[in-house]
Amino acid sequence: MAEQTAPPVIRDDGARAKPDAAVVRDALGVGVAVGLSGFAFGVTSAGAGLTLLQTCVLSLLVFTGASQFALVGALAAGGNPFTAAAGAFFLGTRNAFYGLRLSQLLALPKAVRPFAAHWVIDETTAVALAQPSRRTARLGFTLTGLTLYVLWNLTTLLGALGAEAIGDTAAWGLDAAGPAVFLALLAPMLKSATERATAGIAVLLGLGLLPVLPAGVPVLAAALAAPAVLWFQGRRRTPPAGRETGRDTARETGRDTARETGREKEAETGREKDLR
């Protein structure tokens, strides 16, 4: 009978307690670092021809930086608005997968979930998953989401207003703040060879497909790294069809020998009875 593994349980008994001050420090650090990159979005959006109102509404209602950048970037390049929106939508679908994991981790009341869903993004997910208990995960998620939401929208407004004064956002490096923080949070979580292999293949897929696919699609394609690694591991552990391991072959040979010996004994006994 196959051994059954119990699902992971998030403990709230303080066995691996993490000080609240450490959780607050992590959450504020991520929120402030990434929230400041709203300047870059405000400037980019204004440069793409969006009005101040359109830029602020995007940050208030969409609130997923990568999708927002993909949308205004496609518009700035002269792309069709519907195509730009489709690319931003596909890029944002990754948050749905984050939500599946966080719904189990946070176990929030049903009345709160629609509001919390608006804050399910890369950074809040990374901070929540890094916590050892449900209580600290909730604290990290809430504080990161609140800090990031307020700062992102404030700096979006300031960036759109001062687009001409800020100039080239690439020179400031603000657009790289979000991915850099996310990678810094993710790196310590890659402990096994399988996790590192999955991350490496995902990076290669994302970067390799970036020049040839629309915005947002390379990120989705990179998600194929996980099932690919799991399939390869399964192939290595499972012997090919039609072949048996040495032990199986030995057992089968032993059974055949025993059956043949039994038949010979029965035949010999029958002959002795006939002679009598």
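**Close-up 1. Elements covering helix α3.** In this predicted model, the buried residues of α3 are covered by elements that include α2 (38-47), α4 (65-76) and α9 (134-161), contact being heavy atoms within 4.5 Å. Helices are DSSP runs (H or I, at least four residues), numbered from the N terminus. Residues are numbered from 1 along each chain as its sequence is written. Because the model is predicted, local features need pLDDT of at least 70 and side-chain atom pairs count only at pLDDT 80 or more, whereas totals for chains, interfaces and linings use all residues.

Close-up 2. In α3 (residues 52-61), T55, C56, L58 and S59 are buried (under 20% relative accessible area; exposed is over 50%, with a 1.4 Å probe and protein chains only). These residues lie on the same side of α3 because they cover an arc of only 155° around the axis, taken from the directions from the helix axis to the C-beta atoms. L53 and L61, on the other side of α3, are exposed.

**Close-up 3. Packing of helices α13 and α15.** The axes of α13 (residues 193-209) and α15 (residues 225-237) are 8 Å apart, at an angle of about 135°; the axes are lines fitted to C-alpha atoms over the stretch in contact, and angles run from 0 to 180 degrees between N-to-C directions.

**Close-up 4. Residues between α13 and α15.** T194, A197, T198, I201, A202 and L205 of α13 meet A225, A226, V229 and Q233 of α15. By class, this contact has 7 nonpolar, 3 polar and no charged residues.

Terms used. Side-chain values use heavy atoms; hydrogens and water are left out. Helices (H or I, at least four residues) and strands (E, at least two) are DSSP runs, numbered from the N terminus. Ala, Val, Leu, Ile, Met, Phe, Trp, Tyr, Cys and Pro count as nonpolar, Asp, Glu, Lys and Arg as charged, and the others, Gly among them, as polar.
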